[in-house]
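Good morning, colleagues. Please take a moment with the sequence and the model, and then I shall go through a few of the features.

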Amino acid sequence: MTKATVHLSVMLLLVPSAAASAAESDPHAPRFVALPAIDATKNEGTDYGLLGVFLPRDASGTLNTLIAVNLSYRKNVGVNGFADYRSRPSPHSFVDLYGFKAQRVEQKLEAHYEDSALRDGAFRVYAELHQHRVGADRFFGRGDDTSSNAESALTRGEYLADLRAGPNLRPGTAVLGTLRFRRFRLGKSVLDHLPDVRDAYPLEPGIHGGKVAAAGVRAVVDRREREATPETGSYAEGYAEVARFSDAGEDGWLRRFGLEGRKLWPVGKGRWLVTVLRGRAQFVLGDAVPFWELSSLGGEESLRAYGEHRFTDRHSVLGGVEARFRVAEPRILGQPIALQAAPFLEAGKVFDDVREELLGRGLVQAVHRSWGLGLRGVVEPYIVGRLDLAWGSEGLAITTGIGYTF
């Protein structure tokens, strides 16, 4: 889930302020900080505004909750604002409540809860409910070689309910049953200079929206020493899902399979360098799969040099490496902060046919690359503020976030 204005402003929290001396005198006191908020994304444009962040602490003085309120302006949607509550009640649980409203078109409501050791470690659960209306989504057609000139725009209206729950077979190892319901609607974009997706791709499956109901299974093996700010260990998951798609004019079945793995290698005393490798693959099978249910690459979680959903097709593969150098450890507002510089490289592709477009020489053809430098501010054990400068074949992109990309 993306709250980009919080993202860059959390990075600004790492700049010393006049409140620092008071914070040093009472490490258990809550903090309130008012900050300028700037957010620039490749698809949506730039927001300028103000952000208020309240940072309460638990009885031990640990910073495990963030409450933020924002008021901003963006050219295409006007005045907008949000409220965001994020908390980690325990090292293995997370709660996020978020609401956003813009003067024109856009709004978001989100509720997210997860616990990897529920009921004394017996169960793992993930639950998400959200309603989005986003006015600057893009679609470039299907394929790994789509031109930037094929760009079209839409307003995405979406309702999503996602539930995953199941037993922990042993600490860090779980098998989950999954249920997902998604309702998708398309509307005219706030970007008047781009063609409407319904005019540019009138025959694309799912162009009139529709509903998807899905059930599946997911296996998770988590060997990291902690979830939010890991420095060593590994993580792997695999999933399979069967879904029914329907709308007023067409319906059908689709099947989704995927794998992801991550490995972290710390180096040196104090772990001054952590190298992270990531691999991910997804496969979507079925007739007339709606374009908004296909695999895609681009955005803050994959190929950061490109906008969200830049490349779309049935299947996708992605690999990445990131080197997280700890460059400084100041105390700010009474809190020790680890500042990191993180050069990274990512490569991936989307494709329609495994045999012809992936195996053999196909694996190195039409591969898209993203490279750059990330800046991280880490408040252990729970909070990471992230700013990435990424370059690719279509120029520079700036992505921001809370939490590591992988």
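A residue is called buried under 20% relative accessible area, exposed over 50%, and partly exposed in between, with a 1.4 Å probe and protein chains only.

Before I continue, a note on the source. This is a predicted model, in which local features need pLDDT of at least 70 and side-chain atom pairs count only at pLDDT 80 or more, while totals for chains, interfaces and linings use all residues. Residues are numbered from 1 along each chain as its sequence is written, and side-chain values use heavy atoms, with hydrogens and water left out.

Let me begin with the overall picture. The protein has five helices and 22 strands; here helices (H or I, at least four residues) and strands (E, at least two) are DSSP runs numbered from the N terminus. Its radius of gyration is 21 Å, close to the 22 Å that the globule rule gives for 406 residues, so the protein is as compact as a globular protein of that length. That radius is taken over C-alpha atoms, and the rule is 2.2 Å times the number of residues to the power 0.38. Along the principal axes, the C-alpha atoms fill a box of roughly 65 × 50 × 40 Å. Of the 406 residues, 53% count as buried. Contact means heavy atoms within 4.5 Å; among contacts between residues at least 6 apart in sequence, 57% join residues at least 24 apart.

I return now to R278, which sits in strand β13, residues 273-286. What joins the side chains of R278 and E260? A polar contact of 3.1 Å does, the term denoting a pair of N or O atoms within 3.5 Å; within protein, one must be able to donate a hydrogen and the other to accept it, and residues adjacent in sequence count only if both atoms are side-chain atoms. A polar atom of the R278 side chain also lies 2.8 Å from the backbone oxygen of E301. Leaving aside neighbours within four places in sequence, the residues in contact with R278 include L318, G319, T405 and F406.

Not counting residues up to four places away in sequence, R74 touches E44, T46, D47, N80, F100 and E106.

Next, the backbone. Most residues other than glycine have a negative phi. D120, however, has a positive phi of about 60°; D120 lies in helix α3, residues 118-121, and is exposed at 85% relative accessible area. H309 likewise has a positive phi of about 60°, but its place is in the loop between β14 (295-297) and β15 (311-313), and at 28% H309 is partly exposed.

Finally, the surface. W265, L277, V321, L345, W371, L389, W391, L396 and I398 form a nonpolar patch with about 770 Å² of accessible area together. Strands β21 (383-392) and β22 (395-402) are the elements that give two or more residues to this patch. Accessible areas come from the Shrake-Rupley method with a 1.4 Å probe, and for residues only the protein chains shown count as cover. Patches are made of residues with over 30% relative accessible area and no salt bridge; like charges are joined within 9 Å, and nonpolar side chains (Val, Leu, Ile, Met, Phe, Trp, Tyr) within 5 Å. A salt bridge is a side-chain nitrogen of Lys or Arg within 4 Å of a carboxyl oxygen of Asp or Glu.
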